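Me: I'd like to learn how to read a structure like this one. Can you take me through it, feature by feature?

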Amino acid sequence: KKNHNLPPSHPRTAVAMADHRIKKITVYQLGLPLHEGKYSWSGGKSVTVFDTTLVAVETHSGFVGWGENCPLGAAYLPAFAEGTRAGLRELGPSLIGLDATQLGKLNEVMDHAMRGHPNVKSPLDMACHDILGQVAGLPVCELLGGRYGDDYPLYRAISQDTPAKMAESALRYKSEGYTKFQLKVGGDPDEDIERIKQVRAALAPSDVLMADSNTGWLMHDAVRVCRAVEDLDVYIEQPCDSYEECLSVRRMCRRPFILDESINDISMILRLWQDRAADVINIKIGKLGGLTKAKQARDLCVSLGIAMNLEDTWGGDVVTAAIAALAHSTPPRLLFASTDFNSYVTKSFADGAPARDGGRLSAPLTPGLGIKPRVEELGEPVFVIE
């Protein structure tokens, strides 16, 4: 029988044939305070300290991969931090003994063992991507398709405040090098109209402005806002709660349209493509269940010609490294923007984490995600599965 294994002289034989089965999963909790003190969005919702979950997956071969999931509080999506950790306690034992480098099989097992809960699966899939990159000696960016250029553009989210203060914030971040801005609206429609007008007037004509309602408007309010700003260069993002409501507004709006909260899986991307419901979509790693499925969604959008914001719900150094790997491996013409969550928070906990240069970022060049959390700063594990 023909042997398809690597020859004994192959330099990667020992690593490739090592035992990469998962032997231990360690879960940590960390609070991430914000530089601005508070992050506010539609409906009066806000967060002051992000509750993030870090996951270390260790193999019998000695490789350790890291993942992270950080919901935007409990009122943004149907996910919350304690729920992520409870889900990991439930799902983790199903992965013990699996080969961490076999990402397709790993995702099949997770989906069979737990229906839904992508926020639980995402840090596990992320950590196994980290391991695969280390085993292969390649950055995750290369595993996801290859690096485009030296860096890529970032957007900055402008926390909801008075129109004047939001314009001041936009100018401050513009002075730091950002050229793309996501304005948090979704409140009183008349005040939102003024927010959009004041921030647009403060920016340069070449700057990109997104008015993100985060599902905060009713349809009639959304249409009023769209018509009041139809002569301004602004993108309208996720005006209403449901896909059907957003589609109705889209058909009455002359401005470019972005969908975010409505994007839960690949089937929704196919649906919006058929309906021509958006010009740009947001792909969040944790919302889809990890890098494996985020890449599937990204690649579908590349084939369909849909521009993307590539990001996550929130996070620190590990999430930012994962976003960077996905964004930097995306064709630039279809990468609308991405973001650097670790620059919003006061606490860095990993060596090698991506750091923005002006309004741009690049993915690490070292194998795996390219980051090494300082375990001594994470405190005692919440729990360990082995």
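Me: Where is H117 found?

Reply: First, keep in mind that this is a predicted model. H117 sits in the loop between α3 (103-113) and α4 (118-136). H117 counts as partly exposed, because its relative accessibility is 47%.

Me: What is the phi of H117?

Reply: The general idea first: most residues other than glycine have a negative phi. Here, H117 has a phi near 55 degrees, a positive value in a residue other than glycine. Q238 is another case, with a positive phi near 35 degrees.

Me: Where does Q238 lie, and is Q238 buried or exposed?

Reply: Look in the loop between β10 (235-237) and α9. Q238 is buried, because its relative accessible area is 0% and the cut-off for buried is under 20%.

Me: Which side chain makes a polar contact with that of Q238?

Reply: That would be S262: the two side chains are joined by a polar contact of 3.0 Å. S262 is in the loop between β11 (257-259) and α10 (266-275), and S262 is buried too, at 6% relative accessible area. Leaving out residues up to four places away in sequence, S262 touches Q238, D241, S242, Y243, M268 and K287.

Me: What does S213 touch?

Reply: With residues up to four places away again left out, the list for S213 is S42, V185, G186, E237, Q238 and P239. So Q238 turns up in the contacts of S213 as well as in those of S262, if you take contact to mean heavy atoms within 4.5 Å. S213 is in the loop between β9 and α8 and is buried, with a relative accessible area of 0%.

Me: Now helices. Which residues of α9 are buried?

Reply: In α9 (residues 243-250), the buried ones are Y243, C246, L247, V249 and R250. Seen down the axis of α9, these buried residues fall within an arc of 160 degrees, so they line one face of the helix. The general idea is that an α-helix has 3.6 residues a turn, so residues three or four places apart point the same way.

Me: What covers the buried residues of α9?

Reply: The cover includes α8 (219-228), β11 and α10.

Me: How many disulfides are there in the whole structure?

Reply: Zero, according to a search of the whole structure. The way to read this is to check the distance between cysteine sulfurs. For C246, the closest cysteine sulfur is in C240, 5.1 Å away, which is too far for a bond because the cut-off is 2.5 Å. For C301, the closest cysteine sulfur is the one in C246, and at 16 Å that is too far for a bond as well. Both cysteines are buried: C246 has a relative accessible area of 1%, and C301 has 0%.

Me: On to strands. How many residues of β8 are buried?

Reply: Five of the five residues in β8 (residues 180-184) are buried, so to speak mostly covered, with buried meaning under 20% relative accessible area. K180, Q182 and K184 point one way from β8, while F181 and L183 point the other way.

Me: Which strands pair with β8, and in what sense?

Reply: β7 (residues 156-158) pairs with β8 in the parallel sense over three bridges, and I158 has L183 as its bridge partner. β9 (residues 208-212) also runs parallel to β8, joined by five bridges. There, L183 stands opposite A211.

Me: What do the helices between these strands make with them?

Reply: β7, helix α6 (residues 163-175) and β8 make a right-handed β-α-β unit. β8, helix α7 (residues 189-202) and β9 make a right-handed unit of this kind too.

Me: Which strands run antiparallel to β1?

Reply: β1 (residues 22-33) and β4 run antiparallel and are joined by eleven bridges; V27 has V55 as its partner in β4. β1 also pairs with β18 (residues 383-385) in the antiparallel sense, over three bridges, and I25 is partnered there by I385.

Me: And what does V49 touch?

Reply: V49, found in β4 (residues 49-59), touches G31, L32 and P33, not counting residues up to four places away in sequence. V49 is partly exposed, at 47% relative accessibility.

Key:
Residues numbered from 1 in each chain as written. Predicted model: local features only at pLDDT ≥ 70, side-chain atom pairs only at ≥ 80, totals over all residues. Heavy atoms only, no water. Helix = DSSP H or I, 4+ residues; strand = E, 2+ residues; numbered from the N terminus. Buried < 20%, exposed > 50% of the residue type's maximum accessible area, 1.4 Å probe, protein only. Pairing = 2+ DSSP bridges. Right-handed = clockwise from strand over helix to strand, strands pointing away. Polar contact = N/O pair within 3.5 Å; in protein donor to acceptor, adjacent residues only side chain to side chain. Arc of directions from axis to C-beta.
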